[in-house]
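Dear colleague,

Here is the structure I said I would pass on. My notes on the packing follow below.

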Amino acid sequence: MPRRHHLAPRASILRLAPVQWETTVSYLQRLASRHHLDTAELLRGLGIPGPLLHPECTRPHGPYTSIELYLNPASRSLIADFAGIPEEHLAHALPQWNGHRDKPHAAPPKARLRLAPMHAVTGCPHCTLARTGQTHPVPQYLPDTALICQRHSTWMLGRHTLAGTRLPIEHASLRRAPEILAAHRAHVRFLKRWGPAADHALALAMNLTETWRRNAPADERIWPARARRIGDNKRARLWYALAREAITYPETITLAQFLAHHPRTLHARERPGHAHPLHTAVADLLGRPWLENPALYPDQFGNRITYTVGRHPYPRSRWPYRHNPYDPGPTELTKLGYQPPHPRAVPGKRR
Ligand SMILES: [Zn+2]
């Protein structure tokens, strides 16, 4: 590509590249702050009538915005010209860049705030530092397979609250859980090989393992042990809920592959006096005899894939318990079965 030695009339000399999957709000905030402005000042300066910015958007680099800023075509080209980045590059990197409900091109520049159709999570801090040279968090619409950074052994957890208070933990370290990184490689291979058929099996497996994690009996040792390793032996019960998807991830992927390979097992009939063939097969597959318990399976679950409450309508790219556009807030841990230890609980008083 020939190098350009001149700048477009409005272009800033400070070029700022977007981060892949970044929210538009985040990119504009970074662009503005690069010029010692806030987002509203930047928009005003470019002649884009700004919407009343939500506090979450005006806070510099606010993570996990589900409120997104949508630009119409005229304002998009103003921003691209100013940033000195071709519009198609911005459209490629920023998933919601073209999400404005477009009116004809002649319309004057406009920007509006709207709820994004998916949640952003704070991207890998090490990658962000390498990419932007800054430690400011960059919220990104990461696809499921990118919730794990193999390079830095990091899991992106998303936003959580504990009893209504924001929990400042957004990442889990997988350095002591190599089996999760291995499962991630298997996940990517599985998707490549099976395409959309894998989504169905993955959604089902994710729902099942999450149900099992919550109802696991005391003799389940592997999941709590994984939680302890991820949490570095601190607050293991909290990590058991917080990193729930990571904790059951190896089993989720194994189960999804099994379901994809053995669709008939889903519909096998139960013989009187015997455990259901599917339950037996799953218990054997995952090495957990307690999974023969029929109570751990939804009724006729082979025929139903939508039994989980709050399942995201975009199962193809999203984990079921994380992203729900109708519930744009963070995930409340007590709703996931986590009970914080009560500091003043008196031993022996229970029951
Ligand atoms: Zn990384």
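Leaving aside neighbours within four places in sequence, which residues is Ala-205 in contact with? They are Thr-252, Leu-255, Ala-256 and Leu-259. Please keep in mind that this is a predicted model.

Ala-205 and Ala-256 both belong to the largest nonpolar core, which has 46 residues. They are listed among those with the most contacts inside that core, together with Trp-155, Ala-243 and Ala-246. Helix α8 (residues 196-215) supplies the largest share of the core, nine residues. Domain 1 (24-140) and domain 2 (175-321) each contribute at least three residues to this core. There is also a second, separate core, of 18 residues, with Leu-28, Leu-43, Tyr-70 and Leu-71 among them.

I also looked at helix α7 (residues 178-194). With 17 residues at 1.5 Å each, α7 should span 24 Å, and the 24 Å between its end C-alpha atoms agrees with that. Its buried residues include Ile-180, Ala-183, His-184, His-187 and Phe-190. These lie on the same side of α7, because the arc they cover around the axis is only 125°. Among the elements covering the buried residues of α7 are β5 (148-149), α8, α11 (244-247) and α12 (249-261). On the face turned away from the buried side, α7 carries the exposed residues Pro-178, Arg-185, Lys-192 and Arg-193. Just after the helix comes Gly-195, with a positive phi of about 60°.

Regards

Conventions: Residues numbered from 1 in each chain as written. Predicted model: local features only at pLDDT ≥ 70, side-chain atom pairs only at ≥ 80, totals over all residues. Core = buried A, V, L, I, M, F, W, Y, C linked by C-beta atoms within 7 Å. Buried ≥ 20, exposed ≤ 12 C-beta atoms within 10 Å, placed from the backbone. Helix = DSSP H or I, 4+ residues; strand = E, 2+ residues; numbered from the N terminus. Domains from an automatic or database assignment. Contact = placed C-beta atoms within 7 Å. Expected span 1.5 Å × (residues − 1). Arc of directions from axis to C-beta.
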